[in-house]
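Have the sequence and the model side by side. This report covers confidence, a metal site, a strand pair and some backbone angles.

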Amino acid sequence: MSILKVLRMGDPILRKRSLEVSEDEIRTKEFKKLIRDMFDTMHHENGIGLAAPQVGVLKRVVIIGAEEENPRYPNAPRLREQILINPIIQTLEEPKVGQGYWEGCLSVPGMRGYVERPQKIKLQYFDEKWNFYDMIVEGFPAVVYQHECDHLDGILYVDKLKDTKLFGFTEEVTTNGKDLD
Ligand code: ZN
């Protein structure tokens, strides 16, 4: 089990574009280890998603998962564990005013910010066995996929804040009566 260091906002690697992964690459020992280490790291940090650039690897790989109740997101729905390779997202609607989430990020520890995103997306990706998926996703999972896939293009949720006044330390925004996901 290896816990990797999660890069924090300000590290220039988080702002770079990650590169596509090839089918040959996913068969390698190194790649399989990367995936295992990413899951170990996500579980250790109580994340519900992690993108490879967050651990300093500029590859288009994202993992998602919250199969148990997560202390950082106690009210969020469960998400089954998934590995997304070379994901592509197409948004199918505009963000709706008032339908945002208080997002957090392991690269922006201790903070939350309110972001409104499209609630319906088309998601295409390969899994770790190179099976191709093409699906429509709605609601909270659609938000998580967008947040994680943004990392692959060097975008952080703070770039998409609805209002900088709706951004702060988790304890502060929570004690001010917000029910966070
Ligand atoms: Zn993040």
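Donors are N, O and S atoms within 2.8 Å of the metal; water is not among the atoms, so sites may look incomplete. The model is predicted.

**Zinc site**

Which residues coordinate the zinc ion? They are C105 through SG, H147 through NE2 and H151 through NE2, at 2.1 to 2.3 Å. Along the sequence, the donor residues follow the spacing C-x41-H-x3-H. C105 sits in the loop between strand 4 and strand 5, while H151 belongs to helix 3 (residues 140-151), so the pair ties together parts that are 46 residues apart in sequence. Both C105 and H151 are buried.

G104 is found in the loop between strand 4 and strand 5. Is G104 buried or exposed? Its relative accessible area is 7%. Buried means under 20%, so G104 counts as buried. Setting aside neighbours within four places in sequence, G104 is in contact with R72, Y73, M111, R112, H147 and Y157. One of these contacts, H147, is also a zinc donor. R72 lies 32 residues from G104 in sequence, yet the two C-alpha atoms are 8.7 Å apart in space.

Strand 4 covers residues 100-103. In a regular strand the side chains alternate between the two faces of the sheet. Here G100 and W102 are on one side, Y101 and E103 on the other, and all are buried. Both faces of strand 4 are therefore covered. Strand 5 (residues 111-116) runs antiparallel to strand 4, and 4 bridges join them. W102 stands opposite Y114 in strand 5.

Most residues other than glycine have a negative phi. The table lists residues that depart from this.

| Residue | Phi | Place |

N46 has a relative accessibility of 31%, so it counts as partly exposed.

**Confidence**

The protein chain averages a pLDDT of 93. At least 70 is the score of 96% of the residues. Which elements have the lowest and the highest mean pLDDT? Helix 4 (residues 170-175) has the lowest, at 82. Strand 6 (residues 120-126) has the highest, at 98.

Terms used
Residues numbered from 1 in each chain as written. Predicted model: local features only at pLDDT ≥ 70, side-chain atom pairs only at ≥ 80, totals over all residues. Heavy atoms only, no water. Buried < 20%, exposed > 50% of the residue type's maximum accessible area, 1.4 Å probe, protein only. Helix = DSSP H or I, 4+ residues; strand = E, 2+ residues; numbered from the N terminus. Pairing = 2+ DSSP bridges. Contact = heavy atoms within 4.5 Å. pLDDT = per-residue confidence, 0-100. Donors = N, O, S within 2.8 Å, 3.2 Å for Na, K, Ca; no water.
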